[in-house]
Amino acid sequence: MIEIRGLEKYFGALQVLKGIDLDVAKGEVLSVIGASGSGKSTLLYCINGLEPIQKGSVVVDGTDVHDKATDINKLRQKLGMVFQQWNSFPHLTALENVALSPRIVKGKSRADAQEIAEQQLKHVGLADKLNVYPNALSGGQQQRLAIARALAMEPTYMLFDEATSALDPELVGEVLDTMRLLAEEGMTMICVTHEMGFARDVSDRVAYFHHGVMEEIGPPSQVFGDPQSEHTRKFLSNVR
Ligand code: ADP
Ligand code: MG
């Protein structure tokens with residue numbers, strides 16, 4: 001599981017996370033919502049060690065992410081990450097893009113890596129795009145390729161940072177469907193999202209961030225149906 005205690009993060013003098021306490025259990029789907037600049041992306045980067053922290057701790061499966069003795073590259077293999085926009089390697093086909101990390105990072109044979117890549121591309125509905133280059137894929141297909149690439153590392157956790165925000169509206173659904181499929185398969189997921197329908201229907205819990213504070217966390221029925229914080233109420237009335 002992921003255990004976050006008293007997490008504080010500064011960029012220079014600016015405090016971006018103000019003491020976050022959060023546990024994410026195996027199999028749980030957590031959606032993180034909140035206004036732009038509230039610290040949602042920074043939270044994900046602190047979880048996978050892309051950003052150093054100033055106070056508190058993040059422990060993943062018993063390993064302290066920010067301990068100097070931790071092999072962060074090894075730990076990061078457990079944490080698949082999908083960004084708003086993913087830069088795939090344009091000179092590699094979809095299959096080669098997905099097979100790359102299993103080969104380079106995990107040391108799989110070419111044949112094994114290809115098999116994994118094929119499986120994961122099928123998994124995200126791109127079985128017919130194996131030999132296509134990223135530029136020939138739609139935005140939604142490129143995001144599914146990004147998901148396949150993360151899954152090819154066999155992560156325990158998937159972190160999504162507004163995976164659908166850069167997409168044309170008609171392409172959002174196919175990516176959310178893929179995320180929903182992973183959730184149904186039992187993947188542990190933290191999804192920073194502006195898709196309130198997804199947050200409500202798919203997540204076990206929803207966390208609302210406001211100026212670096214996790215102001216509210218609970219089941220979607222509570223956070224959407226009976227928000228406890230005035231800020232949450234305001235935010236939800238603006239996005240709906
Ligand atoms: P969100 O994802 O909720 O929109 P972020 O986590 O990206 O918010 O940002 C939180 C705050 O931290 C914002 O005020 C943002 O400007 C600031 N910030 C984010 N990244 C950096 C950085 N690398 N350097 C300085 N400030 C940053
Ligand atoms: Mg962000």
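This is a predicted model: local features need pLDDT of at least 70, side-chain atom pairs count only at pLDDT 80 or more; totals for chains, interfaces and linings use all residues.
Biologist: Which residue in β2 is the bridge partner of Tyr10?
Modeller: In β2 the partner of Tyr10 is Gln15. Residues are numbered from 1 along each chain as its sequence is written, and chains are lettered from A and ligands numbered from 1 in the order in which they are written.

Biologist: How many bridges join β1 to β2?
Modeller: Eight bridges join β1, residues 2-11, to β2, and the two strands run antiparallel. Strands pair here if DSSP finds at least two bridges between them, and the elements themselves are DSSP runs numbered from the N terminus, with helices being H or I over at least four residues and strands being E over at least two.

Biologist: What is the strand order in that open sheet?
Modeller: The four strands come in the order β2-β1-β4-β5, with antiparallel pairing. At the edges stand β2 (14-24) and β5 (63-64), each of which pairs on one side only.

Biologist: And which helix packs on the sheet?
Modeller: Helix α1, residues 40-47, packs there and touches β1, β2 and β4 (55-60), with a direction that makes about 65° with that of β2. For this angle, axes are lines fitted to C-alpha atoms, for helices over the stretch in contact, and angles run from 0 to 180 degrees between N-to-C directions; contact requires C-beta atoms, placed from the backbone, to lie within 7 Å.

Biologist: Back to the strands, how many bridges do β1 and β4 have, and which residue in β4 partners Glu8?
Modeller: β1 and β4 pair in the antiparallel sense over five bridges, and the partner of Glu8 in β4 is Lys55. The antiparallel pair of β4 and β5 has two bridges, with Val60 opposite Thr63 in β5. The hairpin of β4 and β5 has two residues between the strands, and Asp61 takes a positive phi near 50° in that hairpin.

Biologist: Why call α1 largely enclosed?
Modeller: Seven of the eight residues of α1 are buried, so the helix is largely enclosed by the rest of the structure. Buried means that 20 or more other C-beta atoms lie within 10 Å of the residue's own, exposed means 12 or fewer, and partly exposed lies in between, with C-beta atoms placed from the backbone. The buried residues of α1 are Lys40, Ser41, Thr42, Leu43, Leu44, Cys46 and Ile47. Just after α1, Gly49 takes a positive phi of about 75°.

Biologist: What surrounds ligand 1?
Modeller: The shell is made of Phe11, Val16, Gly34, Ser36, Gly37, Ser38, Gly39, Lys40, Ser41 and Thr42, where a residue counts as near a molecule or strand if its C-beta atom, placed from the backbone, lies within 6 Å of it. Helix α1 gives the most to this shell, with three residues.

Biologist: How do the shell residues divide between nonpolar, polar and charged?
Modeller: Around ligand 1 there are two nonpolar, seven polar and one charged, taking Ala, Val, Leu, Ile, Met, Phe, Trp, Tyr, Cys and Pro as nonpolar, Asp, Glu, Lys and Arg as charged, and the others, Gly among them, as polar.

Biologist: New topic, where is His194?
Modeller: His194 lies in the loop between β8 (188-192) and α7 (196-202), and it is partly exposed, with 16 other C-beta atoms within 10 Å. Leaving aside residues up to four places away in sequence, His194 touches Glu162, Ser165 and Val239. The C-alpha atoms of His194 and Ser36, 158 residues apart along the chain, are separated by 9.9 Å.

Biologist: What about β9 and β10, how many bridges join them?
Modeller: Five bridges join β9 (residues 205-210) to β10 (residues 213-218), which run antiparallel, and Tyr208 stands opposite Glu216 in β10. Their hairpin has two residues between the strands, and His211 takes a positive phi near 50° there; His211 counts as partly exposed, with 14 C-beta neighbours inside 10 Å.

Biologist: And the whole chain, what does its secondary structure come to?
Modeller: It comes to nine helices and 10 strands, and buried residues make up 41% of the 240 residues.

How values were computed. Two residues are in contact if their C-beta atoms, placed from the backbone, lie within 7 Å.
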